Amino acid sequence: MAGLLFTPLAWAALSLLLDFRRGRWLSWLGMLIQVLVSLSLWFAVATGGGFFYALAGWQAPLGIALRVDGLAVSFVLLTAAVATACGVHAGVYLDPSKSWQRYFWPLFWFLWAGLNGVWLGADLFNLYVGLELISLAAVGLVALGGEAAALRAALRYLFAALLGSLAYLLGVALLYGQFGTLSLTGIADVVGAAEPAAALALLLMLAGLALKTALFPLHGWLPPAHGIAKSPVSALLSGLVVKASFYIAARLWLELGDRLGSQLLAQGLGALGAAAVLWGSWRAFRQPYLKQVVAYSSVAQIGYLFLLFPLTYAVAEPVSRLAQQGITLQVISHALAKAAMFLAAGNLILSVRSKRVDALGGVSHFLPFSLFSFGLAGVSLMGMPPTGGFAAKWLLLQASLASGQWWWIAVLLLGGVLAAAYVFRIYRASFLEDSASDDFYHPPKTLEAIPMILALLALGLGLVAEPVLSVLALPFEVAAGVTVVQP
Amino acid sequence: MSPDLLYALSGVALCGIGLAGFLLLDHLLRRLLAFNLLGSGVFLVLVGLAQHRGGPDPVPQALVLTGIVVAIAATALAIVLIRRYFHLTGRTSLADAGDGQS
Amino acid sequence: MRRLLVLLTVAACTALTIVLALAVLQAAGSAVVSDLPQQLAASLGRSGVEHPTTAVLLNFRSYDTLLEIGVLVIAGMSGISLASTRSLEDPALRSSDVLLYALQRWFVPLMLLLAAYLLWAGSHRPGGAFQAGAVLAATGVLMRLGGLPMAFIRPGVLLRLGLVLGFAVFLLVAIASVLAGKAFLAYPPGMAGGLILAIETVLTLSIGMILLALFVAAPISAEHEPEEGGES
Amino acid sequence: MSWLLDGLLIVSLLVTAVAALLSRDLFRAVVMFMAFGLLMALAWVRLQAPDIALAEAAIGAGLTGVLLLDAVSHFQRGRLREQPPGEEG
């Protein structure tokens, strides 16, 4: 448990003292440790159930407690998988001769530490600090290298992230002022219905987090930042970072939404999510640059996540659980598929030496493997069986039907069709033979293998959805009986 | 009404001022000023509201100290980014027509 | 069009302010009594320090503080990663202002003294690592504006070591308690006071160094510009 | 008496805040912001939060102000040296 918190922070400090090459070996070792620690924690929770971990030995209202439950450890494990893939890819992909690359590893590890902090966080202010840690590390990664366009994207990202954090903090201030505690469960215990100040606090926090998650129409900062960053960084940002703020929003909603939310808010957030699916997919279809296509696809895929709000508000308990499982699967499958897609896109760009979609002509001969990974990830985004994306959408479909909110079904289906459209556009471009140049660069095999593994994981998620969900379902079932232990 | 609550309300007003400035100003440094004003407003609400009943409360005070350090970190990083951006492009704002999608 | 947008934004912000003010009044009127202050008062004796704010920062909620130092380190290293000068010392800044020079001869030791006082005071009265670190950084800024050579502020291994020193020591204490069989960040009984003072001391140095590095990293000299950062 | 003090402090806080955002000259805006930071430190004293007051005076007013002033002078030097090259957009 402590290893999970300690390793990323310690590796961040250590790798700052080394240069890129030596930092790479160190980091690969660290990733191995992190994966092992995450796996063992996951098994511990899967067999023994969730628990609270009191940091510094002080119990919750006074100290900070970590909430270690099935959902949290699953995301810890997901982070370990995706971050390791991105880290290994980055170690080969990034050019070690640039002296500023040495700062990649510390930023990478701080990002990881922040992510773990958010998945496990149960204290509202601690979540704020975790969010800031993630945001600043992510901004640093985007700005790394210091070209004008990257700086511009980083500044937009920074300002959006800061505004979102402050809105969240204002909500925390209102909640603390009223309830005198920062522990999320502590607040959930004492909050009643019809508390306008607390309801406004929830609204502010959700708005701030929606800005950080790039919910339509607050998504303007995402495509530049994710499009301009180096591919492994984009994969981290799209796969994991935006999920962190959504995760907090979802946790708040599931704990407090039934008393502080309203049907209007729930449907409104769902509608914005639906708009994001349609608008993001359409924009993805229209982008001239490959990575912009993938970035707008993220805007669309994030939209699905916000269907959580209408599908869990004022519905029967089993329906709500279906929706929660569907959204969780969507988060996991999107993280895997989008990371695969960005890494594959990076390989393609490296190969044709151009970022434009129409420069891809003929690449299907030279880089069939990367292109295949790209397509495989695309299949998961479309939601076709047997991928994880399909399993997620299937659950959401059932939840929509069971709660009588049939209008979301149209969004789910249309979103899949649009995703198919923009993925096939890339395919069409890469099979065109009219390209005069056949000057392609062959990236190392490692670079090609990693997106393939991630895409296969996203695919396989659909096949093993049942056992995965059984662990995910743990927190919501044992929530009443969580044991407070103090190892 | 206690003075603490009065300060919380002035914090709310600062939030309003800061938010308006943040949304309306183009110049990056001015936006940064607005962000800091907004932050100060939030801190005032946090401490003022919490101390309204029970008198001095060290918990929100510690939170604000943490918040101030996070704010200076963000501000300093933003200044470095802004200055380098200005150095490379000669611009002091992000607003320009044309490459909104870039 | 632009004018309308401005008007609308201002109106929206005003409306939000009013709603927020009402919410603050409502929250103030219906505050739920929590036992956090009592818990804090009861545990203060075991925290190792007498000043409650320091106790919260470095003992009860030390995880927040640890992550927050992480945020500072991120900002610091992002700053120096963008610094494009080979040595971060700018000869153009070296002023020959007699007044400033005289001023700083008196000021610098005084401010260092103040920083040390703030650090020491933190355990039983207002003061602590952040304030002391800020004063330290301000001293550095003054020295730099006065043109004192600051060879140590260059993006070399020493600077990076300085940046993470406080963070690393804090982290070591945190993991040491795990190895001793306690929770992450828990101090062994009886040693809390000493450990907190030690952590605060190195934190002061690191905070001062980070803030100073960010100040020094910000300028960009036009002479040797592109694509380089630090010693290569 | 203390009410008068609090009222005066709050009014001047809000005035300096607005002035920091609205003043035409960037330099003056930053000076206003530093004044705001010092007033905030006073406000923290009134709120019986001496720790924050110290931090605000040192960090909020002092360091942030110096950083901003430095940036402003950089901008003005840059303006004098050359017309912005990137006006295509």
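# A tour of the predicted model

Start by selecting A:R425 and A:F285: the charged end of A:R425 sits over the ring of A:F285, 6.0 Å from its centre. A charge sits over a ring when NZ of Lys or CZ of Arg is within 6 Å of the ring centre and within 35 degrees of the ring normal. This is a predicted model, in which local features need pLDDT of at least 70 and side-chain atom pairs count only at pLDDT 80 or more, while totals for chains, interfaces and linings use all residues. Residues are numbered from 1 along each chain as its sequence is written, chains are lettered from A and ligands numbered from 1 in the order in which they are written, and side-chain values use heavy atoms, with hydrogens and water left out.

Next, select A:F159 together with B:R31. B:R31 lies over the face of the A:F159 ring, at 5.3 Å from the ring centre.

## Aromatic rings

Over all chains, the structure holds 32 aromatic pairs. Rings of Phe, Tyr and Trp (its six-membered ring) pair if their centres lie within 6.5 Å; planes under 30 degrees apart count as stacked, over 60 as edge-to-face and the rest as tilted. Helices (H or I, at least four residues) and strands (E, at least two) are DSSP runs, numbered from the N terminus. A:F431 is partly exposed, with a relative accessible area of 47%. Buried means under 20% relative accessible area, exposed over 50%, and partly exposed in between (1.4 Å probe, protein chains only).

Then select A:W11, A:F20, A:F104, A:W105, A:F108, A:W109 and A:W112, which form one aromatic cluster.

Select residues 65-68 of chain A, strand β2. Strand β1 (residues 51-54) pairs with β2 in the antiparallel sense over four bridges; two strands pair if DSSP finds at least two bridges between them. A:Y53 stands opposite A:L66. In a regular strand the side chains alternate between the two faces of the sheet. Both faces of β2 are covered: A:A65 and A:R67 on one side, and A:L66 and A:V68 on the other, are all buried.

Which residue meets A:R67 in a salt bridge? The partner is A:E255, at 3.4 Å, N to O. A:E255 lies in helix α10 (residues 231-260) and A:R67 in strand β2 of chain A, so the pair ties together parts that are 188 residues apart in sequence. A salt bridge is a side-chain nitrogen of Lys or Arg within 4 Å of a carboxyl oxygen of Asp or Glu. A:E255 and A:R67 are both buried.

For another salt bridge, select A:R321 and A:E317 (3.2 Å, N to O). Both lie in helix α14 (residues 317-352) of chain A, four residues apart, about one turn of the helix. A:R321 counts as partly exposed at 25% relative accessibility.

## Chain A against chain C

Now colour by chain. Of the five pairs of chains that touch, chains A and C have the most contacts, a contact being heavy atoms within 4.5 Å. Here 56 residues of chain A are in contact with 53 residues of chain C. The area buried between them is about 4,800 Å², of which carbon and sulfur atoms give 72%. On the chain A side, A:W58, A:L62 and A:Y103 lose the most area to chain C, together 15% of what that side buries. Buried area is the accessible area (1.4 Å probe) that two parts lose on being put together, summed over both.

One salt bridge is counted between chains A and C; select A:D123 and C:R61 to see their side chains meet at 2.7 Å, N to O. Chain C itself has eight helices and zero strands, and buried residues make up 54% of its 232 residues.

## Chain B against chain D

Chain D has three helices and zero strands. No contact joins chain D to chain A, and their closest C-alpha atoms lie 11 Å apart. Between chains B and D, 44 residues of chain B are in contact with 45 residues of chain D. These chains bury about 4,000 Å² between them, 74% of it from carbon and sulfur atoms. B:Y7, B:L33 and B:R83 supply 18% of the area that chain B buries against chain D, more than any other three residues.

Finish on the one salt bridge counted between chains B and D. Select D:D70 and B:R83, with closest N and O atoms 3.2 Å apart. The pair crosses from helix α3 (residues 50-81) of chain D to helix α3 (residues 58-89) of chain B. D:D70 and B:R83 are both buried.
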